[in-house]
Amino acid sequence: MNDMRLLERDVDTNDIKIAARDVQVYYGDTHAIKDVNVDIADNTVTAFIGPSGCGKTTFLRCMNRMNDTIDIARVEGVIKIDDEDIYDKNVDPVQLRAKVGMVFQKPNPFPKSIYDNVAYGPKIHGLAKNKAELDDIVENALRRGAIWDEVKDRLQEPGTGLSGGQQQRLCIARAVATEPEVLLMDEPCSALDPIATAQIEELIDELRQNYSVVIVTHSMQQAARVSQKTAFFHLGNLVEYGSTGDIFTNPQDPRTESYITGRIG
Amino acid sequence: MNERHIVSSFDRDLEAVQALIVKMGGLVEQAIIDAAKSLELRDEELAEQVRRNDARIDALEEQANEEVARVIALRAPMGTDLRVVLSVMKISANLERIGDYAKNIAKRTSVLVQLQQIEGTSAALRRMAKEVETMLKDALDAYIHSDAELAQDIRMRDHDVDQMYNALFREFLTFMMEDPRNITACMHLHFIAKNIERMGDHVTSICEQVIYYVTGEAPEDARPKGDKTAYDLTGA
């Protein structure tokens, strides 16, 4: 059949940003991720979908070594970003996380001013030589977070005083301020209303120009709307991975079909 | 897919839209049979009934469109479910068109009863209509049982209908050349034959929808096209 997808839905690149090979994750005795192999493309939004407890968030957290912070978690296999093994002992997890930004389910601004929320990362990573440069970085990040116009006159007010949707966009601005190459989003819209969700989704599409975005979402509509590639996880296995259009209209695996049509949960 | 949805009202919605197709299909089958019968028996009353009943088919198509729009808006169907509602929309349009052709046959029948009967042709037309009606019945069976193989078989049978049309086309030409007084009747009969041939095309399209919704892919091979009259030279 001819590919009828809109042109803008096309994946512009075949460059692989993240390559995972035979990844296993254990929490104590629980085998949470089983033999996951996946290539995540650059300048692409990749959605991870699957029922609760299927391992999608666990796998997402492997990509910036967030699981290192959990004592009983053990990660096996190879995850390479730009051909570099991120679990190599020479890799500093703090530097890695500057390169692989993350946005969480609940907006979690620091209890600081809006300005400092965004300036914090660039400061500790020494990305600005002086105040003027830092101001530029903050403005730029807030603009990319699509929140500049709303906060430009109140940069010194606390970030926690913003609305939920604004806080989440502030967190995205904070995540992009350190110039990451990959942006991981763990259900970034689950606490937001439809308008704020639409703003974030628009933002994700714009971020795709510069980053590889991986988003975990429980909303299949959202996965369908924002992503070019979709991966379906079930019971720790990566069941199916393909173009979003194919996954949602004609999935090949019966488990994917059952899940997206609302037959298993 | 025999598994039920977690939300059982979703199953009921899907069953409801599919039931509309079955209902429409029954009415359309009857319309084909009655139209052919009214032609053969020169039964004006039956022809009039076919024309009246077409309104019910049209109303069902409208209902199907509304239900499909509702399911898409409220349920956001995906995978097989999406393909089911899309196929319902297209199949109902095909059925509605077949109904229109039956109605047109009935209209022409009302004219033909006032003209000199052309020997042998109405029986041939009835056979052709019977063949299309059987194809439609089988196509609806394939739809109900999600049987893509059966749908593929029926699709190939449309070739026979095209052959019958070709034969009739030549027959009508001969009649008209023999005696110009036959022209009016033969023109109407020819349109009737063409209507039945077009019905076959719509049944084929229904089969393609069945294949799409079962397999997720539209059939790739080109359907055999049997109507060659477009290239015929009169009197050749």
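**Exercise 1. Which residues have the most contacts inside the largest nonpolar core, and how many residues does this core have?**

Keep in mind that this is a predicted model.

Step 1. Count the core. The largest nonpolar core has 132 residues.
Step 2. B:Val132, B:Ala139 and B:Val210 have the most contacts inside the core.
Step 3. Ask which element contributes the largest share. That is H6(B), with 15 residues.
Step 4. Look around one of these residues. Leaving aside residues up to four places away in sequence, B:Val132 touches B:Ile32, B:Val161, B:Ile196, B:Met199, B:Gly200 and B:Val203.

**Exercise 2. Describe helix H5 of chain B and find what covers its buried residues.**

Step 1. Locate the helix. H5 of chain B runs over residues 148-178 and has 31 residues.
Step 2. Check its span. From first C-alpha to last, H5(B) reaches 47 Å, close to the 45 Å expected at 1.5 Å a residue.
Step 3. List buried positions. Among them are B:Ala151, B:Ile154, B:Asp158, B:Val161, B:Tyr165, B:Leu168 and B:Phe172.
Step 4. Recall the helix geometry. An α-helix has 3.6 residues a turn, so residues three or four places apart point the same way.
Step 5. Find the cover. It includes helix H4 (121-144) and helix H6 (183-215) of chain B.

**Exercise 3. Work out how H3(B) and H6(B) are oriented to each other.**

Step 1. Take the geometry. Helix H3 (residues 79-112) of chain B packs with H6(B) at an angle of about 170 degrees, and their axes are 9 Å apart.
Step 2. Apply the cut-off. Angles over 145 degrees count as roughly antiparallel.
Step 3. Conclude. H3(B) and H6(B) are therefore roughly antiparallel to each other.
Step 4. Sort the residues of their contact. There are 14 nonpolar, eight polar and five charged.

**Exercise 4. Describe the side of chain A that touches chain B.**

Step 1. Count both sides. Chain A gives 14 residues to the contact and chain B gives 16 residues.
Step 2. Name the elements of chain A that give two or more residues. They are helix H8 (220-226), helix H9 (244-249) and helix H10 (254-260).
Step 3. Find the largest share. H10(A) supplies it, with three residues.
Step 4. Sort this side by type. Five residues are nonpolar, seven polar and two charged.

**Exercise 5. Is A:Lys89 buried or exposed?**

Step 1. A:Lys89 lies in the loop between strand S5 (84-85) and helix H2 (93-99) of chain A.
Step 2. Count its surroundings. A:Lys89 has 5 other C-beta atoms within 10 Å.
Step 3. Apply the cut-off. A residue with 12 or fewer is exposed, so A:Lys89 is exposed.

Methods: Residues are numbered from 1 along each chain as its sequence is written. Chains are lettered from A and ligands numbered from 1 in the order in which they are written. This is a predicted model: local features need pLDDT of at least 70, side-chain atom pairs count only at pLDDT 80 or more; totals for chains, interfaces and linings use all residues. Helices (H or I, at least four residues) and strands (E, at least two) are DSSP runs, numbered from the N terminus. The expected span of a helix is 1.5 Å times one less than its number of residues. A residue is buried if 20 or more other C-beta atoms lie within 10 Å of its own, exposed if 12 or fewer, and partly exposed in between; C-beta atoms are placed from the backbone. Two residues are in contact if their C-beta atoms, placed from the backbone, lie within 7 Å. Ala, Val, Leu, Ile, Met, Phe, Trp, Tyr, Cys and Pro count as nonpolar, Asp, Glu, Lys and Arg as charged, and the others, Gly among them, as polar. Axes are lines fitted to C-alpha atoms, for helices over the stretch in contact, and angles run from 0 to 180 degrees between N-to-C directions. Angles under 35 degrees count as roughly parallel, over 145 as roughly antiparallel, 65 to 115 as roughly perpendicular and the rest as oblique. A nonpolar core is a set of buried Ala, Val, Leu, Ile, Met, Phe, Trp, Tyr and Cys residues joined through C-beta atoms within 7 Å.
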